[in-house]
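Subject: Structure for you to look at

Hello,

Here is the structure I said I would pass on. My notes follow below it.

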Amino acid sequence: MPQHLRVLLVLAALTASPLAAAWRPWPPRDNGTTGVAGLGASKKFEGSSEFVKLEYHMGPVLASAITVHPIWYGPWPAAQKRTIRAFLRSLAPPPDSEARIPRPSVSAWWRTVRLYTDQTSANVSAAVSLGAEKSDARMSRGARLSRMDIQAVVRDAVTARTRPLPVDSSGGVYLVLTSPDVSVEDFCGQVCGFHYFTFPSVVGYTLPYAWVGNSARRCPEVCAYPFAIPAYVAPGRKAEAPPNGDVGVDGMVSVIAHELAEVASNPLANAWYAGSDPSFPTEIADLCEGIYGTGGGGAYTGQLLTDARSGAAYNVNGAGGRRFLVQWVWNPVLSYCSGPNALDQ
């Protein structure tokens with residue numbers, strides 16, 4: 001098929017499908033009694049692989065060393081940037097640093113993602129590093145962005161006149177992070193984050209990228225669950241305290257983890273996912289949405305850890321004494337959702 005037709009088909013699929021490569025972390029409104037989500041209430045299917053047809057579609061995974069390039073769109077306080085950087089650095093810290101991080105750790109969570117392989121039996125890379133960053137505090141493309149505008153933001157970052165981000169199609173991941181000032185198409189209603197790959201016709205290169213928005217002012221009960229609770233969940237239920245003291249950013253961390261797991265295992269929408277249509281994939285983190293600990297499902301997060309001093313909820317430890325709450329991912333060996341804080345670890 002000619003290249004221009006392939007691009008047009010992909011564009012059509014992306015614009016026609018708001019659910020493609022997207023994620024919402026809150027529990028289902030129907031409490032898992034109808035539709036696909038009803039199978040086990042949270043896509044975990046109660047630890048059974050009977051209904052899960054996760055398949056490998058012969059495409060690449062990110063087997064080369066992964067470098068995450070944050071693109072800060074909108075005004076970002078330094079403290080919020082530090083929290084997100086700390087999480088990214090915790091995915092694969094140097095051995096001497098990793099030895100000092102208490103269990104369960106962020107790097108142990110990443111080891112489940114590493115179980116995914118390509119057709120050469122190469123695993124998702126163990127090496128994940130924080131790369132060069134780019135900031136657009138003035139929001140040069142405005143405060144309202146479409147999905148395609150996100151690709152334009154990536155293009156601006158890699159073609160900037162001063163300090164452009166390096167172009168790395170083998171291991172680079174371009175992470176667009178929008179501040180609370182920014183509205184993104186379908187944000188809060190359909191998505192809290194998504195990943196895809198850039199089109200050469202737009203960016204000039206095919207590059208894996210992801211977008212995650214800060215929901216603090218718009219929909220924390222949707223995109224920062226369980227640090228904010230939707231009204232349709234049990235009345236009077238108290239929200240969990242965020243481990244880094246920031247509902248919006250602590251909520252973002254879990255969405256960032258979700259998207260990085262999926263971009264690593266399905267960077268070009270032709271590797272690991274369930275379903276027959278790559279425009280509507282159910283990927284390795286989608287299968288476990290809303291599950292953060294043993295017993296999780298529906299409106300229940302599962303068993304979490306609690307900071308003795310602050311009372312904050314978390315399930316993994318990171319570098320520099322940081323703590324985070326990240327959702328579990330589908331384990332292809334065990335054929336159910338798992339995380340390093342599982343009681344059977």
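Strand β9, residues 193-197, is largely enclosed by the rest of the structure, because five of its five residues are buried. Please keep in mind that this is a predicted model. In a regular strand, side chains alternate between the two faces of the sheet. In β9 both faces are covered: Gly193, His195 and Phe197 are buried on one side, and Phe194 and Tyr196 are buried on the other.

The partner of β9 is strand β10, residues 208-213; the two run antiparallel and are joined over five bridges. Within this pair, Tyr196 sits opposite Tyr209 of β10.

Next, the backbone. Most residues other than glycine have a negative phi, and most peptide bonds are trans.

- Pro104 belongs to the loop between α3 (95-98) and α4 (106-113).
- Tyr225 to Pro226: this peptide bond is also cis, with omega near 10 degrees. Pro226 is in the loop between α6 (220-223) and α7 (247-265).
- Asp186: phi is near 75 degrees, a positive value in a residue other than glycine. Asp186 lies in the loop between β8 (183-184) and β9.
- Ala269: phi is near 65 degrees, again positive in a residue other than glycine. Ala269 is located in the loop between α7 and β11 (272-274).

Last, the helices. Two packed helices are described by the angle between their axes and the distance between the axes. For α4 and α7 the angle is about 35 degrees, and the axes are 10 Å apart. The crossing of α4 past α7 is right-handed.

Which residues of α4 and α7 meet? From α4 there are Trp109, Trp110 and Val113, and from α7 there are Ala257, Leu260, Ala261 and Ala264. By type, the residues of this contact are seven nonpolar, no polar and no charged.

Regards

Terms used: Residues are numbered from 1 along each chain as its sequence is written. This is a predicted model: local features need pLDDT of at least 70, side-chain atom pairs count only at pLDDT 80 or more; totals for chains, interfaces and linings use all residues. Side-chain values use heavy atoms; hydrogens and water are left out. Buried means under 20% relative accessible area, exposed over 50%, partly exposed in between (1.4 Å probe, protein chains only). Helices (H or I, at least four residues) and strands (E, at least two) are DSSP runs, numbered from the N terminus. Two strands pair if DSSP finds at least two bridges between them. Axes are lines fitted to C-alpha atoms, for helices over the stretch in contact, and angles run from 0 to 180 degrees between N-to-C directions. A crossing is left-handed if the near helix is turned anticlockwise from the far one by less than a right angle, and right-handed if clockwise. Contact means heavy atoms within 4.5 Å. Ala, Val, Leu, Ile, Met, Phe, Trp, Tyr, Cys and Pro count as nonpolar, Asp, Glu, Lys and Arg as charged, and the others, Gly among them, as polar.
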